[in-house]
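Dear colleague,

Here is the structure I said I would pass on. My notes on it follow below.

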Amino acid sequence: MKRNILLVTFILSGFLSAQVSFDAKVSKKQLGINERLRVDFTMNTDGDNFEPPSFENFTVVGGPSQSINNSWINGVRSFSKSYSYFLAPKKRGEFTIGQASIEIDGETYKTLPIKITITAAIDKPKDPNDPDYIASEKVHLVAEISNTKPYLNEAITVVYKLYVAQNTGVRNWREIDSPRYSDFWSQNIDVKSMNVQEGTYKGEDYRYVVLRKTVLYPQKTGKLTIEPLSLDVTIEVPSQRRDVFGRSFMSTVNRTVASRNRTITVKPLPENGKPEDFSGAVGSFNFNVTTNKQSLKATEALELKVSVSGKGNLKLFRLPKLVLPSALEVYEPEHSEKVNTKAAGMQGSISDTYTVVPNYQGSYPIPNVSFSYFDLKTKRYKTLNSERLIIEVNEGPVGASNPNNNTTGGIAENVITPYLNQFSSFKTTTNFKPIHSKPFFNSNLFWLLLLTPFLLIPFTIFMVRNRMTRALDVSGNKIRKTNRLARKYLSTAKKSLGQKEQFYNALERALHNYLKSKLRLETSEFNKEKIEAVLGTKNVNRANLDGFISLLTSCELARYTPLSVVDMQNDYDKAATVINALDKQIK
Amino acid sequence: MCLVGFSQTSGSFRQANHLYNSGYYKEAIEGYTSILEANQHSAELYYNLANCHYKLNEIGPSIFYYEKALQLSPDDPDILNNLGYAQKMTIDVIQEVPKGSVWKFFNKILNSLSVDGWATRSVGLVFLFVILFLGYYLSRSEAKKRLYFVSSSLVLILLLTSLVLLFKKDRLDQSVHPAIVFARETEVKTEPNLRAETSFILHEGTKVLVIETYNSDWSEIKLLNGETGWMPNSELKALK
């Protein structure tokens, strides 16, 4: 038969100048991993040596099947021959169906490669004429979600169960597509032993196996999709044929089962009352800051541990940072996690351990740290405060102080720090001053005290100058000297000018005093002769001597004679000149 | 009246010292504060008060009162020593912009006396100068004259320096208003309102300089490293 057709074709090919075509067609270019694909390689002229492509990434489920279509319409012959394949994808992604080739009339023709996109499993296989329809009714993969409306960062568990009807069997399965939980933090929990359990599925008795458990922590709010899990399952289905004993034969079917797409709604954490230091912890926790030593020597190491323990998203938030006095040397904290993930979520503790080395002695308070989390039981935020720790460093250098005590400021420059060995104790004595005492600077007193001393300089200079000019002025000096002598000896006489007796008494006393001081005469020696003799030896000239004697005489006479004020004045002036003249001559 | 007041304050000072020595720091603080309330102060009072706060691990007040004590007595080794201890409790590390050694030397001299200290020193130097100058003017012998001239010129130079320092110090005191951060932690903003961005965070006990104030509840502050920002007045305590 084939040969005949070939022959006919061979004969007719001469007549018909028909164009040779050979192309590949696919039933769809995009399909889910649980669907199938039909590929047809069609030619309009029969050829030899058909070579299909390799179909890597696909499993050939059916084919190749050949079909030939030959028809005559209005005397025109049309011919087509096709090779069909049914393909099932092996994995997700974009794949190419390669070139098929055929030889027609000695020439090789090739089809164009076709790109196929394989997506995640599609809920309903679009092919209703699936041959293993029964199998699809008997085996189900179900994803059970513990909570479809969790809070952000609240743990939910997804349990995948494979339900198998009572009269069917599952020989083995292979995971062909595992879900990617892109908006979740996820962790698979190993299912150690697969125990077959009894259960119901849509009211019917089924057996089921828990295939996989996953804990998910949603990281985004809103509607999130949990992608389905796809399995390639080899299923034994009872067929219509029965053996001699009436038992039905089991036929084996390969089938891809997938769980349905599930959507969950993730609620955001309430904004109301959200503490400032909230870092995303959700669950129920304890918070502690502990130290292994309370007092130590300088340069010894100390460990400070900030730890959070409890249930919740332990791996998904940051521990609060310790803020330590700058005088302590602090190394980067070492983070450690002791967390078990169970079906209910994470449980355990996480901690940051800081190694602290104090270099100088002193007492160092560690400020308390707060840690906030959202408590799922009360649906409220809770803030835990650590206790304030004080580290006492007892021995060691006192050392340089903080760099920030170098002040540009007006008050104190603390660079000069003669550090003592220890904290100094209180001072026992003090002198109090009123707080609001007036500043001395810029006060009147200040300016007075600052400037008046300078006035002393010109004043002194003036005085000295004055004295010097006087010393140079000779005649003036004489007059001044006379005046001075007269002042010295005649001052009492001058006072009593006008009262005769007193005046002359004073005048006489003055003359005597003068002689006493100049000639060193004793009062007992006072008589005119003696005076004359002494004055004579001192080279006093006659006129002055007479003048002096006459004065003494008039003093004696005056007691008995009335005298006017004018006479007294004359005698006074005379006394002044005589004393002056004598003074010059007595050396 | 004044005498009575004085003996009262020194009595309560002794009493507070006694409380301090027995370890009743809170009560001692009350005692010292009562003296302050009576408008009396001294470097020793501030120093003892600061010690009490230090013993109670209150960083801000402790540093504040040490600085107050230093204002009255800038060179006291005990105050400097204990201030060093208190500063070890602070959290912020502020690296000062490095200054030249000449500047440092000048600053050290400038801050060794208070304004009134410089004022009294200047007055004293004026008197000394005038006496020496007159001595020069009045003395007759060549040797004495030379001695007086040299010493009076030296004193004049000292006097002029001291006056320059006095005015410089006064201007500095007028322009610089140091303050101590009292809040345990405070955000320094770029603008004087709460919506503004936070430029940095300061902790208790850090010394800042107030540049200006706005609406009497915000202060623009400058750190020793030159950074500036705004923070609420209530979280600061001015030293002047």
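How many helices and strands does the secondary structure of chain B come to? The model is predicted, and in it chain B has 8 helices and 8 strands. Chain B holds 240 residues, of which 41% count as buried. Taking the contacts in chain B between residues at least 6 apart in sequence, 55% join residues at least 24 apart.

Contact between the chains: helix α3 of chain A (residues 444-472) packs with helix α7 of chain B (residues 115-138) at an angle of about 5°, and their axes are 9 Å apart. Angles under 35 degrees count as roughly parallel, so α3(A) is roughly parallel to α7(B). The residues of this contact comprise 16 nonpolar, 2 polar and no charged. On the α3(A) side they include A:Phe446, A:Leu450, A:Phe454 and A:Ile461; on the α7(B) side, B:Val123, B:Phe127, B:Leu134 and B:Tyr137 are among them.

Nonpolar cores: the largest has 58 residues. Those that touch the most other members are B:Tyr46, B:Leu49, B:Ala50, B:Tyr66, B:Ala69, B:Ile79 and B:Ala86. Helix α3 of chain B (residues 43-55) gives the most to this core, with 8 residues. Leaving aside residues up to four places away in sequence, B:Tyr66 touches B:Tyr47, B:Ala50, B:Ile79, B:Asn82, B:Leu83 and B:Ala86. Another core, of 41 residues, lies apart from the largest one and includes A:Ala100, A:Tyr160, A:Leu162 and A:Val237.

Regards

Definitions and conventions. Residues are numbered from 1 along each chain as its sequence is written. Chains are lettered from A and ligands numbered from 1 in the order in which they are written. This is a predicted model: local features need pLDDT of at least 70, side-chain atom pairs count only at pLDDT 80 or more; totals for chains, interfaces and linings use all residues. Axes are lines fitted to C-alpha atoms, for helices over the stretch in contact, and angles run from 0 to 180 degrees between N-to-C directions. Helices (H or I, at least four residues) and strands (E, at least two) are DSSP runs, numbered from the N terminus. Angles under 35 degrees count as roughly parallel, over 145 as roughly antiparallel, 65 to 115 as roughly perpendicular and the rest as oblique. Two residues are in contact if their C-beta atoms, placed from the backbone, lie within 7 Å. Ala, Val, Leu, Ile, Met, Phe, Trp, Tyr, Cys and Pro count as nonpolar, Asp, Glu, Lys and Arg as charged, and the others, Gly among them, as polar. A nonpolar core is a set of buried Ala, Val, Leu, Ile, Met, Phe, Trp, Tyr and Cys residues joined through C-beta atoms within 7 Å. A residue is buried if 20 or more other C-beta atoms lie within 10 Å of its own, exposed if 12 or fewer, and partly exposed in between; C-beta atoms are placed from the backbone.
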